[in-house]
Amino acid sequence: MNLLQVKTFIVKVLKLKFRNLSFMLFVAGGRGKGSLLLAYGKFYYALKKDARINIKDGSLQLNSDFGKLNPLIGVLKMNANSEINIDSNFVIYSGCHIVVNNNAKLNLGSGYIHRNAKIRCFNEITIGHEVAISENFTVWDTDAHVIIGKEDEMTTPIVIGNHVWIGTNVTVLKGVTIGDGAVIAAGAVVTRDVPARALAGGVPAKVIKENIGWK
């Protein structure tokens, strides 16, 4: 760890609030050696006793600021037998509002989701590695209400692949798979699968260009 990394770590530690310590230290779940669970600023949580946050090898940072004081409120609600599973290092920035329902799983690889994320996980949402997700991101794996005659389709899993870039004000709805290396343009509403290395945009989102790359 170089000097800049050490200074950054110290600054982040100083921004931790005392009221978040019980969350960071005592939430149930498996933790890999050296893993960290961090919550910053005005962060509120309600977790059932059997809810678990599992970190394989890295850290989960919740309600993190973006270099300045953080005025936004972060919320995490985890219901009975729910899980958040983290493979590596993942940051969800300030203003996040996350609900993981009964028996549901939110799986996170590595990367970040910027400010004001809204995550509603009723079954399973998987987000891969090296993702870059911009502000005002919304993801729901459920309709929350039943369409008569389509009861079995109310809730279906979502998969967002590795090295996916999602622009600001994007909504991803139930049953969608976004392939590795894809880019989702700002303002899109994703209601169907997006192939790997494709650029998609619009309402509803459609493929605009294929075989792209980004960095």
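Let me start with T142, which counts as buried because its relative accessibility is 5%, below the 20% under which a residue is called buried. Please keep in mind throughout that what we are looking at is a predicted model. T142 sits in the loop that runs between β14, residues 138-140, and β15, residues 158-160. What does the side chain of T142 reach at 3.4 Å? The answer is the backbone oxygen of M154, and there is also a polar contact of 2.8 Å between the side chains of T142 and T155. If we set aside the neighbours within four places in sequence, the residues in contact with T142 are F122, M154, T155 and K174.

From that loop, let me move on to the sheets. Since we are speaking of cysteines, how many disulfides does a search of the whole structure find? The number is 0.

A second open sheet has 9 strands, in the order β1-β4-β7-β10-β13-β16-β19-β21-β22, and here the pairing is mixed. The edges are taken by β1 and β22 (206-209), and because each has a single partner strand, one side of each is left without a neighbour in the sheet. Within this sheet, strand β10, residues 111-113, and strand β13, residues 131-133, run parallel and are joined by 3 bridges, with G111 standing opposite V131 in β13. Strand β4, residues 59-64, holds Q61, which counts as buried because its relative accessibility is 13%. A polar contact of 3.5 Å joins the side chain of Q61 to that of Y40.

Now please look at strand β6, residues 83-86, where both faces are covered, with E83 and N85 buried on one side and I84 and I86 buried on the other. Which strands pair with β6? Strand β3, residues 52-55, runs parallel to β6 and is joined to it by 4 bridges, R52 having E83 as its bridge partner. Strand β9, residues 105-108, also pairs with β6 in the parallel sense, over 4 bridges, and there the bridge partner of N85 is N107.

As background, in soluble globular proteins nonpolar side chains tend to be buried together. The largest nonpolar core in this model has 51 residues, and those with the most contacts inside it are F23, I53, L60, I84, I92 and I178. Strand β1, residues 36-39, contributes the largest share of this core, 3 residues. If we take L60 and again leave aside its neighbours within four places in sequence, its contacts include L36, L37 and L38, as well as I53, I55, I84, I86, F90 and L108.

Key: Residues are numbered from 1 along each chain as its sequence is written. This is a predicted model: local features need pLDDT of at least 70, side-chain atom pairs count only at pLDDT 80 or more; totals for chains, interfaces and linings use all residues. Side-chain values use heavy atoms; hydrogens and water are left out. Helices (H or I, at least four residues) and strands (E, at least two) are DSSP runs, numbered from the N terminus. Buried means under 20% relative accessible area, exposed over 50%, partly exposed in between (1.4 Å probe, protein chains only). A polar contact is a pair of N or O atoms within 3.5 Å; within protein, one must be able to donate a hydrogen and the other to accept it, and residues adjacent in sequence count only if both atoms are side-chain atoms. Contact means heavy atoms within 4.5 Å. A nonpolar core is a set of buried Ala, Val, Leu, Ile, Met, Phe, Trp, Tyr and Cys residues joined through side-chain atoms within 4.5 Å. Two strands pair if DSSP finds at least two bridges between them. A disulfide is a pair of cysteine sulfur atoms within 2.5 Å.
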